[in-house]
Amino acid sequence: MDPNAAVDRAARASYGRLVAYLASRTRDVAAAEDALSEAFRLALETWPSAGVPLNPEAWLLTAARRKLIDAARRERLPVYLDRPDSRNFPDERLKLLFICAHPAIDPMARTPLMLQTVLGLDAQRIAGAFLVSPTAMSQRLVRAKQKIRDAGIPFELPGREHWAERLEAVLEAIYGAYGAGWDDSESNGLADEAIWLARVASSLVPDSAEALGLLALMLHCEARRPARRGPDGAFVPLAEQDVSRWSRAMVFEAEECLSRAAKMDSPGRFQIEAAIQSVHTLRAATGSTNWPAIRTLYDKLIDYAPTLGAFVGRAVAIGELDGPTAALAELDSLPEERVSNYQPYWAVRAHLLAAVNAPLAAQAYSRAAGLTGDEAVRRFLIGKLGNCV
Amino acid sequence: MTYAMMFYETPEAMAERNSDKAPAYWAAWTSYIDSMGKAGVMKGGQGLQPPQMATTVRLKGSQRLVQDGPYADTKEQLGGFVTIDVENLDQALEWAARSPAASQGSVEVRPILPPPPAR
């Protein structure tokens with residue numbers, strides 16, 4: 001194998017496992033990352049001439065471990081680094097995920113920290129996805145790692161009593177990564193990374209119904225990515241998507257996750273959201289959307305997680321079932337200060353108004369267009385705005 | 001904090017102002033500016049005519065040098081600016097990313113310089 005490709009592959013497959021293992025022994029995430037990047041550099045230098053080792057992961061672990069010991073000696077710090085069985089060292093990624101989502105960590109830093117430590121994404125790319133300056137993002141990450149090291153956040157799995165709440169924060173953070181990758185139709189790769197993280201989480205916590213629910217939710221959304229843009233790059237709303245362009249493999253896997261989750265009889269927000277997407281996906285088989293089911297699911301979702309998105313989603317279902325006036329009344333009941341910058345609210349409002357009041361619809365389309373950062377969506381909304389006048 | 005957002009547009013985007021794409025061009029900007037107004041963050045701002053309409057003046061010794069157009073011909077030209085009042089840079093960047101210029105050109109966001117300290 002080409003040595004550079006081997007390093008790439010090892011980085012992708014083993015980065016999180018190696019960082020998690022090293023950090024769990026030293027409690028110093030930044031030092032573990034530095035040691036590992038040194039090890040990768042060494043691999044790039046030596047593998048082309050010496051050949052790719054039989055077990056690249058074990059080689060990297062040994063090299064990184066040596067770097068950590070050297071660094072600690074230079075600083076005259078004590079090192080507690082056991083000599084691991086490098087072929088079979090424990091997977092500490094779950095601990096690392098839990099630490100990244102620890103309540104003591106700045107909530108704004110949790111998702112970026114996860115992306116960096118578990119997946120090895122650089123601060124520049126994370127900064128772009130979360131729309132903060134690269135310097136600010138680096139500082140945020142550095143502070144979070146210092147906190148882990150200096151505040152004594154334990155590298156242990158939380159006790160069972162904190163399990164649900166802490167796992168929820170982990171899943172939240174993964175969903176945050178997916179959201180950050182969503183806008184771009186060409187996918188900045190974060191959506192894939194989030195799905196990968198959810199796979200890791202659900203394989204590490206196989207009895208979590210919500211981890212499976214989150215995976216199912218993201219797979220359903222991801223399955224439609226190819227259909228969200230027309231051949232000319234134009235935005236295509238869900239109702240007009242060509243269902244033959246939805247990825248069947250992803251839909252199939254999503255359904256499989258969701259039914260496994262359902263058997264655990266432990267419902268939650270992500271499972272309900274996945275079930276809503278599942279109903280939309282059924283259109284590919286039946287040719288029509290079961291709106292009563294969607295409305296019932298949104299009612300249930302609001303019981304679990306009364307987010308703005310859930311209310312706006314339910315208004316869409318109400319509009320389909322009872323007509324725009326009823327749906328608009330629902331939207332009017334939402335607090336004005338919360339909706340003023342919430343783009344989906346204005347897009348849905350415009351869609352509902354289009355049938356009853358063209359001038360007001362035009363205003364709402366304009367507002368929705370002004371709040372989106374996605375050029376294809378903006379063009380779509382302005383096209384609709386043009387139809388209102 | 002108050003930030004200036006400077007919208008840099010490509011020549012192609014700026015040329016849309018006088019083409020059959022003009023309605024979409026203006027609708028995008030109007031929507032964007034209106035949504036900042038409705039959100040109560042906008043303090044002021046202006047659009048600018050294209051760089052061909054610019055005239056540059058500098059003094060070399062006592063001689064005035066007047067030149068047609070901007071000095072350097074860069075790919076992106078300042079098309080306008082807006083000042084907004086928001087809590088922090090993250091919020092300013094969020095608004096900047098929503099501008100039509102962000103998808104074709106770029107948006108520079110800078111904090112406004114506070115008045116110099118009184119003596």
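So, how many helices and how many strands does the secondary structure of chain A come to? The count is 19 helices and zero strands. Keep in mind that this is a predicted model.

Let's stay with chain A for a moment. Along the principal axes, the C-alpha atoms of chain A fill a box of roughly 75 × 45 × 40 Å. Of its 389 residues, 44% count as buried. And if you take the contacts in chain A with a separation of 6 or more, 62% of them come from residues 24 or more positions apart.

Helix H1, residues 3-26, packs against helix H2, residues 29-50, at an angle of about 150°, and their axes are 9 Å apart. That makes the two roughly antiparallel, since anything over 145 degrees counts as that. Their crossing is right-handed. On the H1(A) side, the contact residues include Leu18(A), Val19(A) and Leu22(A), and on the H2(A) side you'll find Leu36(A), Phe40(A) and Trp47(A) among them. By type, the contact divides into 18 nonpolar residues, two polar and one charged.

On to the two chains together. Here 18 residues of chain B are in contact with 17 residues of chain A. On the chain B side, helices H2 (22-38), H3 (89-98) and H4 (100-104) each give two or more residues. H2(B) has the largest share, with nine residues. That side of chain B divides into nine nonpolar, four polar and five charged residues.

Note on methods:
Residues numbered from 1 in each chain as written. Chains lettered and ligands numbered in written order. Predicted model: local features only at pLDDT ≥ 70, side-chain atom pairs only at ≥ 80, totals over all residues. Axes fitted to C-alpha atoms, helices over the stretch in contact; angles between N-to-C directions. Helix = DSSP H or I, 4+ residues; strand = E, 2+ residues; numbered from the N terminus. Parallel < 35°, antiparallel > 145°, perpendicular 65-115°, else oblique. Left-handed = near helix turned anticlockwise from the far one by under 90°. Contact = placed C-beta atoms within 7 Å. Nonpolar A, V, L, I, M, F, W, Y, C, P; charged D, E, K, R; others polar. Buried ≥ 20, exposed ≤ 12 C-beta atoms within 10 Å, placed from the backbone.
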